[in-house]
Amino acid sequence: MPLLARSIQTPLHIDVRRGAVADLGRILADGRISAGGDVAVVVGPGLGERVVNLIRPTLGAADVYTTSGGTLDAALELSGKLRARSYDAVVGIGGGTTVDTAKYAANRWGLPMISVATSLANDGIASPVASLIHDGIKGSYGVHIPFGVIVDLDFVENGSERANRGGIGDVISNISALADWELAREVRGEPVDGLASSLARMGAEAILTMPGDMTDDAFVTVLAEALISSGLAMAVCGSSRPASGGCHEIMHAVDSLFPGTASHGELAGLGALFCTFLRGDERRFAQMAQCLARHRLPRVPADVDLDADQFVEAVAFAPRTRPDRYTILEHLAMSPDEISRKLAQYVDAVADH
C-alpha cells in the first residue's frame with residue numbers, strides 16, 4: 001500500500017450516540033468544513049438513502065449522489081461529478097464501500113469529508129485509507145482522514161447484524177497486526193510508533209474481553225470508538241501498519257483468489273487468529289478464539305466455506321499482497337505442505353476453545 005501522508009490531524013468532530021445524525025447540519029455549519037454551505041452528499045443504495053430522507057432539513061440545498069460497488073471506477077466517476085461545481089465539503093453516508101468511495105473522491109480535490117457510518121463493519125469509517133476494487137482486486141489508497149465522524153447508534157441498530165459483527169473481527173485483528181509490527185522491529189529494525197500502537201491496541205483490548213454484544217449500546221459504543229481509534233492510529237504513523245499485518249494479507253489473498261467469500265472484518269478476524277496460532281502465543285490465541293466464538297464470527301476456513309486446500313493457497317499467496325510488509329508469514333516462509341500441516345494443527349486447537 002502506498003505510504004500515507006503522516007499526520008496527527010484528528011477529526012474536528014467525533015460523535016457516537018443515538019440521535020447523532022440530527023446534529024449534522026450544525027457540524028456542516030462549522031466554517032472550517034463548509035464556508036458557503038455547498039455540500040455534496042454521497043449515499044449507497046438502501047439505508048444511506050433513507051438516512052438522507054430523514055435528515056434532509058439539516059442538509060439545506062445539498063446535492064445527493066448515489067454510488068455503489070466500492071470500485072475505483074465508481075470513485076473516479078464520483079470525483080468527476082464533484083469537479084462539476086465548487087463544493088465546500090463531501091458527506092459520505094452509508095457502509096464501508098460508500099464511505100471509502102466518498103473519501104477517495106473528496107481527496108482528489110482536497111475537499112473536507114464527513115463520514116456518517118450506518119454500520120460498523122471495519123475501521124474505514126475514520127481511517128486515512130480507501131479500500132477500492134480495481135481490475136477485480138481490492139487495493140488500498142491513501143486519502144485524508146475524515147474531518148468528522150458520526151456514528152448514530154439508531155442507524156447502526158437497523159443495519160446488517162452480520163456486517164456490524166464483522167467490525168469486531170477487524171478490531172481484534174489489531175492485536176495480531178501489532179505483534180507483526182514488533183516482529184518487524186526485532187528482525188528488520190523497522191521503527192514502531194508508540195502512539196499509533198497505543199491507539200490501535202486500546203480498543204482491541206477492550207473488545208477482546210468486554211461483555212455484551214451488538215444489542216448492547218455500551219458494547220456498540222466501545223466498538224465504534226475502537227474502530228475510530230484504529231483509523232487515528234493509521235493517520236498518526238502514516239501507514240496501515242498498526243492495523244494490518246499477516247491477518248490482512250490473508251484477507252486480501254482470499255478476496256483476490258476467492259472473491260465474495262466473506263466480509264473484510266470476518267476474514268481479518270480469521271486471519272488474525274491463524275497468525276496468532278503461528279506465533280505460538282497461547283494466551284492471546286485463547287482470548288481471540290473465545291471472543292470470535294462469543295460473537296459468532298468465523299474461526300476456521302470451513303466457517304467461510306473455504307476448504308483446506310483453498311485456505312492453504314490463500315496463505316501461500318498472502319505475502320504477495322503486501323510485498324513491502326514483514327509479518328509472521330514472511331518470517332516463517334512456509335511451503336504449501338508446511339502450511340497444510342499447520343492448518344490441521346490449528347483446526348484442532350480451535351476445537352479445544
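A residue is called buried under 20% relative accessible area, exposed over 50% and partly exposed in between, with a 1.4 Å probe and protein chains only. Helices (H or I, at least four residues) and strands (E, at least two) are DSSP runs, numbered from the N terminus. The model is predicted: local features need pLDDT of at least 70, side-chain atom pairs count only at pLDDT 80 or more, and totals for chains, interfaces and linings use all residues. Residues are numbered from 1 along each chain as its sequence is written, and side-chain values use heavy atoms, leaving out hydrogens and water.

Helix α9 comprises residues 246-257, and ten of its twelve residues are buried, so the rest of the structure largely encloses it. Among the buried residues are Gly 246, His 248, Glu 249 and Asp 255. Their cover includes β7 (137-142), α6 (161-188) and α10 (264-279), where contact means heavy atoms within 4.5 Å. Asp 255 has a relative accessible area of 15% and is therefore buried. Leaving aside neighbours within four places in sequence, Asp 255 is in contact with Lys 138, Ala 262 and Leu 267.

Two packed helices are described by the angle between their axes and the distance between the axes. Axes are lines fitted to C-alpha atoms, for helices over the stretch in contact, and angles run from 0 to 180 degrees between N-to-C directions. The axes of α3 (residues 72-83) and α4 (residues 96-108) come within 8 Å and cross at roughly 45°. This angle makes α3 oblique to α4, since angles under 35 degrees count as roughly parallel, over 145 as roughly antiparallel, 65 to 115 as roughly perpendicular and the rest as oblique. Residues making the contact include Leu 72 and Leu 76 of α3 and Tyr 104 and Arg 108 of α4.

Definitions and conventions: The expected span of a helix is 1.5 Å times one less than its number of residues.
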